[in-house]
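I opened this model to look up a few helices, their packing, some backbone details and the contact between the chains. My entries follow in the order in which I made them.

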Amino acid sequence: MRFFNFHLMPYPSLPDDYDGPAWVTCPNELYDPAVGGQAYNRYLDELIYSEELGFDGVCINEHHQNAYGLMPSPNLMASILARQTKRVKIAVVGNALPLYDPPTRVAEEFAMIDNISGGRLIAGFVVGGGPEYYSFSINPAFAREKFAEAHEIIIKAWTEPGPQEYIGKHYKLRFLNTWPRPVQQPHPEVWIPGAGSLETMEFVAKHHYAYMGIPYFHIDVFDRTFRLFREACEKEGYEYDPIQAGWLTPIYVAETDEEARKQYEDHFWYFVRRLLPGINISPPGYTTLRSMKGMLKGIGTFAINLKTWDEVVDGHYAIVGSPSTVLEKLEANLGRLGTGNLLGLFQLGTLPEDLTKRSLELFAREVMPKLRERFPDGKPMLRSGERAA
Amino acid sequence: MADITTELFETNVGKVQLRSGGTGDPLVYLHSAGGEGQDLTFLNDLADNFSVYAPMSPGFADSEGGDQIDDMEDAVFHLLDLFDRLDLDAPNVLGLSLGGWMAAELATRYPDRLSTLILVNPAGLYLEGAEIKDIFGRSPAEMAVDLFADKSHPMAQMMLAMDRTMSDASALKDIPFELIEPTLKSMAAAARLAWNPYLHNPKLRKRLPRIKVPTLVVRAERDTLIPEPHSQTYAAEIPGAKLVKVPDVAHMISVERPAELSAVVSAFLASVPQPA
C-alpha cells in the first residue's frame, strides 16, 4: 500500500454572492492575488509536511482558467517540491498532453523534475478535462488522437536514442532529441487518471501503467471502474497488480466522528457547490459514444448533485470521522476496489491550514500504519469472492 | 408532396446516409450542425420540382467516415466524390448554416461543380461585433431560443424537454441513449469542422468574389444564432448575389417554415436559366 497526499490547490475565497461556474467563464477579476499568493505557499507547506509524516508521495495536477485548482502548471509546483522534499515520490497527475505543442516539452520538463529530485517523479499523462478544451480552444474531437501521439513522442524521447524523427498526424518533429534524459530507467513510473472511459483503461492496461480513478462519484461507480480496469488487464493477458490502481478520495480525520463532521462539512460543501460547478462540461467528441453509453448510468451520482450529508456518507464521497471510523471505511473500500495506491485529498475547499494539518497528523499516526499492516506490499488486496469474474 | 427515400450510399469515406427523391434538375441540400434530415418535409416540398439529394455529412446520423474528415477541406473533397458517384455534374446546391458554409467553400474552390448557390443563414465568416453565438457549450433550452421563433414547434419542445431531463440528476440515468445519440454524433462531427476557428474560415471572405454562379442568400429575420451582418456580407461579396429576408422565423428555417423556404427557393431557381 502506498499513501499519497493529493492537493488541488483550490481558490478558497469565491465571494458569497457569486453563483456561477468555477470553470471557463468564472470571471478572473474575482481572483485576489494576495489570497492566491498566500494559498500557494500554504498548500506547498502542507505537501512538504506530509513527507515528515511518513507519506509515500505527494500529488498535484493541471487545470486551467478555474477556481477549483490553481495549478495551470503543475510542473512549476513539482520543481519546487523536488528541492524542498528529500524522499517522497512527486506525482504530477498529470500533464494534459494535447495542451502542449509540441509535447516534447513534457518530456523535457518531466525529465528536469526527475533529475532535480533524484528520480522521484511519477509521470502522469492526462487527456485534459472537458473545460480545458473550451479554455484553450483545443479541438476535443482530436483529444484522444493527440494524446496517443504525444504519449508516443514522450516515451520515444525517453527511451530511444536521438536525434530521431517523428512524423505523426498531429505532430511532425524532424529532430526529436531531448536533453535532459530522465534518471529513472527506462522511464519514470506512469500514471493515467480516468473517469471511467473504456479507451483510457484499455490504453493503461496495454502499456502496464497505473490507472487512477477520478473521484466525486458514488463508491459503486468506482467499483465498476476498477472492475473494468482489471478486465482490461486480463484482456491484455495478465493479472493486474494492485500497484497499478489508485483510488482518489477526500479524507478528513478528527478526534471523534461528531467533531469531524462539524469541522469539515461546510468546507466540503464549498468545494461541491462552489468549485465543482462547470467541471462536468463535456465537449463534443471528447468521449466516445461507446464510453458515454456506459458512463451515463453513473453521471447522476456525480457529487455536484449531492444535497445532504447522509448522501455523502452513504455514497462514500468523502471518508470523514474519527481515526477508527476512517480506518474501518478505508479498509472496507480498499478491499473492495483493490487499489494499491490511496490518494487522499486532505485539503478540500476552504478547509483551513490548522485543520488540514491536524487531519494529516491523525491519519499518519492512527490510520496509515494499520492500513500498511492490513494490505502488505505485493499481496492481493481484493477480499475473496469479489475478484473480477 | 413527392416521396423521399433513404439509403446508405458508398463513398470515399464509407457509407453515408443519403435521402433522395423527386424529378427535375438536381438540387443538393447540405444540412446544418444539428444534422437535420429525418422527417424534413422541406425535402418533399422541393422534390415536387427537383431531383433532391440530401446526404448526411460523414459522422452525422448513420453516415460512416466521420474519423476521416478533419476539416472543411476534407468535407468538400468528400462532396466532390459524392457528386461524381451520383453523376451530378453541377447541381443546384443549398446549404443551411454549417451546410451553407460548406456550400460556399465548394463554390469558391470548384465553381464548375454547381450551377446555383443558395446560402440559408450561412455560417463561415467571422465578423467583429457580430459573432456567431456558441453552439458547443450551451444548454438545449438556450439553443432552442436561437433556433426556433415558435417555441411550440415540436423540435423546440423536444429541446426544452431534454433540458429539463438534463438538469434532473435522478432522471439522467434513465435517459434512453438512443434519444441523445444523434445530437452527440452531430456535435462531435460538427466540432471536427468548426471548433477552432469557430464556425468560420478566416480566408473565406476574400475568396467570395470568385463565386461566379447565380447566388441567393436567405436570411431568417429572427435568427439570433447568426447575426444579420453575415447574410449581408455574403450577399455583398458574392458578385450578383440576391438577398431575401423571411420574417418571423429563426435559424432552423427549413425545419420551422419548410413551405415558405421552398417557395423562396423555387422562385429563385425559376428566375435562373437552368442548363439544358
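**Helix H5 of chain A.** I looked up which residues of H5(A) are buried, and found Ala143(A), Lys146(A), Phe147(A), Glu149(A), Ala150(A), Ile153(A), Ile154(A), Ala157(A) and Trp158(A). Buried stands for 20 or more other C-beta atoms within 10 Å of a residue's own, exposed for 12 or fewer, and partly exposed for anything in between, with C-beta atoms placed from the backbone. Helices (H or I, at least four residues) and strands (E, at least two) are DSSP runs numbered from the N terminus. The buried residues of H5(A) pack against helix H3 (104–116), helix H4 (130–135), strand S5 (164–167) and strand S6 (172–176) of chain A. Contact here means that the C-beta atoms of two residues, placed from the backbone, lie within 7 Å. The expected span is 1.5 Å times one less than the number of residues.

**Source of the model.** This is a predicted model, in which local features need pLDDT of at least 70 and side-chain atom pairs count only at pLDDT 80 or more, while totals for chains, interfaces and linings use all residues. Residues are numbered from 1 along each chain as its sequence is written, and chains are lettered from A and ligands numbered from 1 in the order in which they are written.

**Cis peptide bonds in chain A.** I noted a cis bond from Gly162(A) to Pro163(A), with omega near 0 degrees. Pro163(A) sits in the loop between H5 and S5 of chain A. The bond from Asp101(A) to Pro102(A) is cis, with omega near 0 degrees. Pro102(A) belongs to the loop between strand S3 (89–96) and H3 of chain A.

**Helix H7 of chain A.** H7(A) has 17 residues and reaches 24 Å from its first C-alpha to its last, close to the 24 Å expected at 1.5 Å a residue. I list its buried residues as Val221(A), Phe222(A), Thr225(A), Phe226(A), Phe229(A), Arg230(A) and Cys233(A). Their cover includes H6, strand S8 (210–213), strand S9 (245–253), helix H9 (289–299) and helix H11 (323–337) of chain A. After H7(A) comes Gly237(A), with a positive phi near 90 degrees.

**H6 on H7, chain A.** I then took H6(A) (residues 198–207) against H7(A) (residues 219–235): the angle is about 45 degrees and the axes are 8 Å apart. Axes are lines fitted to C-alpha atoms, for helices over the stretch in contact, and angles run from 0 to 180 degrees between N-to-C directions. H6(A) and H7(A) are therefore oblique to each other; angles under 35 degrees count as roughly parallel, over 145 as roughly antiparallel, 65 to 115 as roughly perpendicular and the rest as oblique. Leu198(A), Met201(A), Glu202(A) and Ala205(A) of H6(A) meet Leu228(A), Phe229(A), Ala232(A) and Cys233(A) of H7(A). By class, that contact has 7 nonpolar residues, no polar and 1 charged. Nonpolar covers Ala, Val, Leu, Ile, Met, Phe, Trp, Tyr, Cys and Pro, charged covers Asp, Glu, Lys and Arg, and the others, Gly among them, are polar.

**H2 on H3, chain B.** H2(B) (residues 72–85) and H3(B) (residues 98–109) pack at about 75 degrees, with their axes 10 Å apart. The two helices are therefore roughly perpendicular to each other. I find Met72(B), Ala75(B), Val76(B) and Leu79(B) of H2(B) in this contact, with Met102(B), Glu105(B), Leu106(B) and Arg109(B) of H3(B). The classes are 6 nonpolar, no polar and 2 charged.

**Ala103(B).** Ala103(B) lies in helix H3 of chain B and counts as buried, with 28 C-beta neighbours inside 10 Å. Leaving aside neighbours within four places in sequence, Ala103(B) is in contact with Leu30(B), Val93(B), Gly95(B), Leu117(B) and Leu119(B).

**Positive phi in chain B.** Asp39(B), not a glycine, has a positive phi near 55 degrees. Asp39(B) is exposed, with 11 other C-beta atoms within 10 Å. Leu199(B) has a positive phi near 50 degrees, but with 27 C-beta neighbours inside 10 Å Leu199(B) counts as buried.
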